[in-house]
Every structure is written in structure tokens, then in C-alpha cells.
Amino acid sequence: MPKGWSGRVLFVDLKEGGAEARVVEYPGEWARMFLGGRGLAARILWEYLEPGVDPLSPGNLLVFAVGPLTGLPLPSSGKMVVAAKSPLTGGYGDGNIGSLAAVELRRSGLDAVVFRGRARRPSVAVLEQGEFRLEPADDLWGLDTWEAERRLRERYGRRAGILEIGPAGENLVRYATVTSQEGRSGGRPGMGAVMGSKNLKALVVIGDGEPEVYDPKGLRETGLRAYLDVKKSRGYEFWMRQGTMATVEWAQENSVLPTLNFREGVFDEYKGIDGYRMEELKVAQRGCPNCNMTCGNVVRDAEGDPSELDYENVAMLGSNIGLGDLSKVAALNKLADKLGVDTISLGASLAFAAEASEKGLVGERVEWGDYGKFRELTLDIAYRRGGLGRLLAEGVARAAEKLGGPARDFAMHVKRLEVSAYDCHAAPGMALAYATSPIGAHHKDAWVISWEVATNRFSYSREKAAKVVELQRLRGGLFESLVACRLPWVELGLSLDYYPQLLYHATGVRYSWEDLYDAADRIYALIRALWVRELGGWSRSMDTPPARWFKEPLTKGPLTGARLDYDKYNELLDHYYDLRGWDRRGIPRRSTLERLGLGFTVPVLEKIVGLEG
């Protein structure tokens, strides 16, 4: 095993009588081929997950994975990935989360911790100085995430890395997240529900060592230069003022701000929720470990409490539900964080409820912009109470299937994961990015929309498909597997060339950009193989954006009349598949799988769907 990886994974079997933990050493080839984080998680799930298992059954695996750059002295390295078979989508699900737990897991000499089974009673999993134990958590079950973490920190100390779930995870809301540090949240496709299904309230990690790297001096020097370059960026001062919140104004100007359940791309009250309004309410700033460009802007909300905001939760809980008061948006956001429910899917679900009410598809009255009703519904969702709360806890895809009729056309999701905060009536490239994201409709893997609106936003060209693939390789393949935050590069222009250098200093393995792109393509192909295996088939309809963007043109703003063209979109999708070496169904070709070293998937996929050459 090269340096930079421990080569060790802790497998924990949760049982009626407690837990059995064992360390498994994985092949060095896995490290070189899949890097870590998302890549390692996907390889573990392929190898050890029983195919076809119910995501909320004891048989599902819950993976917490770090990468070769996690926790090292370099910009924004305090990240980890949490992954499992998703209870929301039925396919591969993951998310990254910035937390002390990432740093402490790396200091524990492990590359991942994997949970299988179900504890007999509510429990806290504790990994302390290399030793694992399971402790009762009856006194924590039912508490919100802030209070649970406060008590855990009193018990385990300030240095402990703590990840926990809230009532939404306990009640198996299908888009419950794993949370930390009063504002960090990860695992949109229901990773918190998987944790809850295992009766795990929290994971506490306290390491006792330091990662062994190949070239400590070179790593420190290169990492320091990268830190200084971040601070020297021309955009640094404004970033520190507004962070991602500057996107509200940009999205409004470019007609991509999700409004009233993605009906429109502009919001009349956008100034009430934009970055400048945030600056007026701002009381603090915080971020993940090892970050010198902290993006967590903390404001005082309508209830007088602190709430950490970024663009996605503000757009989804603001313009998308017709709420133009940032203090109230912040209060909904804080409530979601405390309950442990994903703010993006929550915003989509509340908007879906308002439109379903408007159309007479549900009996309960839900009006656009009604903060009190939205607050009540958020609690109903987290606690699965009331008919509408229980329905929305299943996600908009299942809700639409149950309601039937026109509901399917305004259920904004891909692969059952709700769309994050960019309207794509006039952005076919971003629509493709949503449609082909490996977890469902999420922006994290390929935020192509800024490039798209600056070039030919209405084109469906092969060049645009290639740009989506390029960004997926970088954002979803490289950064999600190293694991490090992409924002120093995306927002402040930190040179990408730092990352192969840092990876070499950490591991001693020299990766060319071709090697790194191959690794990313390998990870994407493996995740697609996991989807095919778990769903028992595949259709290109799974890579298609929501119907609304094709059927209902924009009626407001400078791009009035814009909508996606179905035939042209399918040509764009063909370009994407061809560039990836996948067939027209969206399944990797046999030759692609073999070229990427994924021959072990071929017999399985051949049996399920048959493979093209």
C-alpha cells in the first residue's frame, strides 16, 4: 500500500448483542484506482453490499470514507464522504460533509468505517484512539442535532469529531441527512435515514495519530503556497463577505433562480433574500476544518437564533416556495438543520405541496410564501405526522406517484432525488448535468451553468456535453475522492495543478491528468454499474430532466418563452453517452468497463441487461 492511504477499513456489524468490529485491509490497487472518498465507497459497496437489499434494512451498508488529502495541511481538506444504497432513489447515494470527524477519522489510521446490521437500541458508535465501542443513546434519541451534539461534546471533549442525525433520520425520512457542528450537513439521498435505520444516533471519532505521508516537507510547502494563493485571489474579499450567497443576484440576472417550484427563473422579491440582505443580518462566519475561505455565513433568524446560510438552502427555502424574507428563510433552514432534513429536498417538497394544494390535489391548504404553514409542514415531515407530512417525507417522486394525474409533471426530481437550486428552462447543459449526476439531480458534480450562460446557453452541442463530462471528472470524480473541497478552485481560481502535486507529496504516486481523468471515469462507470445492479435494469429515461422544463415555458423575465427541446436534449444525451463510452441506453460498454479495470462488473451486468461491445 502506498503512503497516503492506510489501506485499512473498519467494518462494524451491529447486532442484538452489541457490535462486532474488525479491521480489513483492502488491496493497494483499490487505492491507486479509486483514490478514496467516493471512489473507495463505491468500490466497497460493489464488493460487500448484498445486491437488491432494501436500503432501510439491516443489510444495507453505511460507509464513512476519507481520501488521501483529507485532513492534511492544505486548503479546505476537512471533508469526508458518507455513502450507502439510497432509500430515496434506490440506487447509489452519497454526500460530502465538512467536519472534525473527517480529520479525526484520518488520525485514526483508517480510510473508512462501514456499518452493517442494526443495533438493538439507540446507540452511539465511538471510535477512540483506535478502539471501537458501542454505547447506549436512549437519552439522545429524539433530540435535535444541536442539542445531541452539545451533550456529546460535553461527554467526549472539544477535540471529538461528531456526526449525528436528528428526528428526521430517526423517523426514516427518505431525505434525512447526517449533520455536524450546527450547520454542516451531508448525504442528501437519505444517508441520515440509513443511519437511523441502524439505530445509530451518532458517530464519535477521536484519533491518536497523524496520517503518514510520502513527503511531509513538500506537502507543507505546497499546501502553504496554495493557502496563500487562495488569500491573494482578487475575489477573496467579496467571497468572505457573501460566499455562495452572491449567487442569488447572479441567478436572478440570468433567469435561473428557482421560483414557485421551478415554474420561473426570476423572483420579484429576490432582494429580500440576496447576499446584500444576508450581510445586513450577518452575525458570524464559520466553515469546515482547514479552510481559509469559510463559506458559512451565520445570520440572526426570525426567531432570534443563529442560522448558517448558503445559496442552495436560501433559494430552495426562499424563492422556490415564494418566501422573500431572509430572516424567515433562515429560520426554516435552522429548523431543517436541527431536525436533520436536507434543505434542498425540503424546499422542493414544500413547493410541491403548495402547487398540489393550488391545483386541488391535496385537501390541506398550503399557500406560496406562508412561513407559518411551511414551518408546520417541516415539523410534520420530520416526525412523519399528518397525511401531508407523511406523504412529503417520501420525497416528491413518490408523492407524485401517489397523487397521480398532473402531479408527475411538477415533481421536480431526477432519479427520485429532488433538483437543487438552478432552473434549467434555458440551460440545457445544466439540465444534462442534473440528469447524469451519479446520485440524482444535484449540482455538486457538474456546476456547468456559469460557463453555459457565459457562452452559448441555448446550444445542445457536443462541446457542451464534453464540458459536463470534464466538470464531472473534476468535481465529482477528483474532489469527491481526494476528499477536498472544490470551492478554492471553483470560486477563487486556485490552480488545479496543485492537486496532482499535493497527491504526489501525500502518496508518492505520480498521477498525470490522464490518470486522474481515468480514475474519475472509472468511478462514474462503477457507480452506474451499481445503479444497474440495484435496480435490475436501466432506461435512458433515468437520465432525463423533469417534464416541466420541456412542457411549460417561462412566463416572466428576459427569457420569457424559453423551454427545453426534447429531441435536441436527447441528441445532447447521445453525445454524453458517446463521450463516456456508454451505449445509447446509458450503460457502460463492455470495452469501456474492461479498459477502466472494471472487468469484475461485466458478468453481473451481462446477466442483467446484456452489454454492447
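In the predicted model, Glu221 and Lys217 both lie in helix H7 (residues 216-232), where a spacing of 4 residues places them about one helical turn apart. Their side chains meet in a salt bridge, with an N to O distance of 2.7 Å. Glu221 is partly exposed, its relative accessible area being 39%. Lys217 is likewise partly exposed, at 49%.

A salt bridge also joins the side chains of Glu358 and Arg263, with 2.0 Å from N to O. Glu358 belongs to helix H13 (residues 343-358), whereas Arg263 is found in the loop between helix H9 (247-253) and helix H10 (275-281); the pair therefore ties together parts of the chain that are 95 residues apart in sequence. For Glu358 the relative accessible area is 45%, which means that this residue is partly exposed.

The search of the whole structure returned 63 salt bridges. One of the pairs consists of Asp445 and Arg38, whose side chains meet with an N to O distance of 2.6 Å. This pair links distant parts of the chain, 407 residues apart: Asp445 is located in the loop between helix H17 (428-436) and helix H18 (449-454), and Arg38 is located in helix H2 (residues 37-48). Asp445 and Arg38 are both buried, in contrast to Glu221, which is partly exposed.

Asp445 and Arg38 also take part in a network of salt bridges, in which they are linked with Asp94, Lys444, Glu480 and Arg486.

Conventions: Residues are numbered from 1 along each chain as its sequence is written. This is a predicted model: local features need pLDDT of at least 70, side-chain atom pairs count only at pLDDT 80 or more; totals for chains, interfaces and linings use all residues. Side-chain values use heavy atoms; hydrogens and water are left out. A salt bridge is a side-chain nitrogen of Lys or Arg within 4 Å of a carboxyl oxygen of Asp or Glu. Helices (H or I, at least four residues) and strands (E, at least two) are DSSP runs, numbered from the N terminus. Buried means under 20% relative accessible area, exposed over 50%, partly exposed in between (1.4 Å probe, protein chains only).
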